[in-house]
Amino acid sequence: MSKLVALLDKLGVQPDAQLFELAFTHRSFAFEHGRIPSNERLEFLGDAVLQIVVTEHIFISFPELAEGQLAKLRASVVSSHALADVARELELGELIRLGQGEINTGGSDKTSILADTMEAVIGAIHLSGGAEASASFVHALLDGRIAASELEGHYTDYKTALQEYCAHNDLEPPRYEIVGEGPDHQRTFTATVIIGGGPAGTGVASSKKRAEQLAAHEACRSLLPNA
């Protein structure tokens, strides 16, 4: 039994078999098999369901956060990278039906494909069991991540905070040096933020922007109180 099926059984959610199969049908597979339907429409629906469930949850759970902070907190758990991480935990990659080209380039572990499939699964569950089923599924996947993200301050824009620190202390603006490693489908970026001529923080992530934020966060922790 897959981890996804085990979770759905635990939640008492039974998605329609045809919709479930469609949720795992990537457009590359659909194209190679006579242009059959792909999961793109389900992905569209699942994205909307995900946004409203998470938005409502953080709006109610964190009344002290301003609108901008709520938006950043939501983004930290519904971004492609965050959804892909959830998909990897559920081992969705091995369930996705891919075209041969995507199979040859490691498509089953590509962030974009995993994230899109995760949204398609949510869409399939929503059509099968309604809003209650899709909400329970999203809550089971993301409530813990939302709490952890809020606790760790992932809604904070550390790059901006660091830039303001430098301006306030008459320092040159932070400068970021980035090094990329690995194949295109599993690229890793290491960012080092330079302040006052020396390194002040380092971050490693699968995107340049995230690596820069992590580097800025590390610098803020050493330079700013309560960062």
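1. Leaving aside neighbours within four places in sequence, Gly46 is in contact (heavy atoms within 4.5 Å) with Glu119, Ile122 and Gly123. Gly46 belongs to helix H4; helices (H or I, at least four residues) and strands (E, at least two) are DSSP runs, numbered from the N terminus. Gly46 counts as buried because its relative accessibility is 0%, where buried means under 20% relative accessible area, exposed over 50% and partly exposed in between, with a 1.4 Å probe and protein chains only. Between the C-alpha atoms of Gly46 and Thr117 there are 9.3 Å, although 71 residues separate the two along the chain.

2. On the basis of the model: it is predicted, so that local features need pLDDT of at least 70 and side-chain atom pairs count only at pLDDT 80 or more, while totals for chains, interfaces and linings use all residues. Residues are numbered from 1 along each chain as its sequence is written, and side-chain values use heavy atoms, with hydrogens and water left out.

3. Helix H8 (residues 111-152) deserves attention. How many Å does H8 span between its end C-alpha atoms? The span is only 23 Å, whereas a straight helix of 42 residues would span 62 Å at 1.5 Å a residue (the expected span is 1.5 Å times one less than the number of residues). A kink of about 135° in H8 is centred on Gly130, the bend being the angle between axes fitted to the seven residues ending there and the seven starting there.

4. Not counting residues up to four places away in sequence, Phe137 touches partners including Leu4, Leu7, Met118 and Val121.

5. There is also an open sheet of 3 strands, ordered S1-S2-S3 with antiparallel pairing (two strands pair if DSSP finds at least two bridges between them). Its edge strands, each pairing on one side only, are S1 (175-181) and S3 (198-205). Strand S2 (residues 188-195) is joined to S3 by 7 bridges; Thr190 has Val204 in S3 as its bridge partner.
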